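Hi everyone, thanks for making time. I'd like to walk you through the packing inside one protein, so let me put it on the screen.

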Amino acid sequence: MGSITKNYLAQEIIQEITERAFGKGTMESFQELEGGFCNAVYRICLKDKREAILKVAPADHIRLMSCETEMMRTEVGAMRLAEENHIKGVPAVYAFDDSRTLCNGAYLLMEKKEGISLMDAKQKMDEAQKDAADRKVGGLLREINSIKGEKFGHFCVPKLQYEVWFDAFYHMISRVIQDGIDADISIGVSYQEILDKLMSHREHFEQVKEPRLIHFDSWDGNIHMKDQEISGIIDWERAMWAEGLMEDRFRFHCVSNAFQEGYGAGPLTQSQQIRSHWYDVYLYLIMMFEVTYRQYETMDQYHWVHGLFEQVWKLL
């Protein structure tokens, strides 16, 4: 998808990045991958037949949303932590550079995982196969969420971390709301009303005591499948310390019984359901606002997500 955040590189820069990681004369070819929403992404083909993925962060002058702070450093740190904890399907990091010496943004060179996205794989699956895949995703996210942290909030920026989960979440959603105010985006509901209602639900967040690693962006496009098994989980740039219900697969628009079975989640309690809807609101605000911040070619995503937001807001 077209976006002003995509930081495209010249061939000579891509070659220099590749050779710094793999040696002189190692690159055979490269191809831009067009499926992403934020970063410029390239598939690098090496002369020894290996392949790698190059992600380039937005240029420093591009205005990003508040939830997009230190995304590439987050991705690298979260992948390394997950790999250390033996999470399957995590791409190996070949190189990471945020010095801006080769280009005007940070870049990450990592392993290309085998297989195709679960989104594409499901096009040829029957319902039983889709359920089986969703159960496997549930089990994988449960493993990721078993990794414990010390504070809630941003993965690697201390000033955006908190001892108490409600404090972290309130700050997170407040910053996103400020993004909407700054960009003069209307969603049909007063932003102050959202914050007031969230404050009235504070007690429902008190049972969350332990920060857990959350991938957050685990939709079908970021899960790779090969031979009916998960072969990769990519795009860790929005990872955070929160609770498992923050995972994308619990969201209003995509949660399934099969996923919940695989995750080991029973029926949600009242407090869990209320928190889950607040996490819906958080995600939907981001998805509505990023249409403006990234200057997408159409407003289709805003209109689709605004409909979801309206449904969830009525449930709160």
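This is a predicted model: local features need pLDDT of at least 70, side-chain atom pairs count only at pLDDT 80 or more; totals for chains, interfaces and linings use all residues.

I'll take the nonpolar cores, then the cavity.

Residues are numbered from 1 along each chain as its sequence is written, and side-chain values use heavy atoms, with hydrogens and water left out.

By nonpolar core I mean buried Ala, Val, Leu, Ile, Met, Phe, Trp, Tyr and Cys residues joined through side-chain atoms within 4.5 Å, buried being under 20% relative accessible area with a 1.4 Å probe, protein chains only. The largest core has 88 residues, and Trp165, Met246 and Trp278 touch the most other members. Helix H8, residues 270-293, gives this core its largest share, 14 residues; helices here are DSSP runs of H or I, at least four residues, and strands are runs of E, at least two. There is also a second, separate core of 17 residues, with Ala40 and Leu109 among them.

Now, how much space lies in the largest cavity? About 230 Å³. A cavity is a set of points on a 1 Å grid over the protein atoms alone where a 1.4 Å probe fits but cannot get out, and lining residues have an atom within 4 Å of a point. Its volume is the space filled by probe spheres set on the points. The lining has 18 residues, with Cys67, His154, Met172, Met240 and Tyr282 nearest the centre. Helix H5 (165-182) and strand E7 (152-154) each supply at least two lining residues, and H5 gives the largest share, four.

Technical notes: Buried means under 20% relative accessible area, exposed over 50%, partly exposed in between (1.4 Å probe, protein chains only). On a 1 Å grid over the protein atoms alone, a cavity is a set of points where a 1.4 Å probe fits but cannot get out, and a pocket is an open set with protein on both sides within 12 Å along at least five of seven lines; lining residues have an atom within 4 Å of a point.
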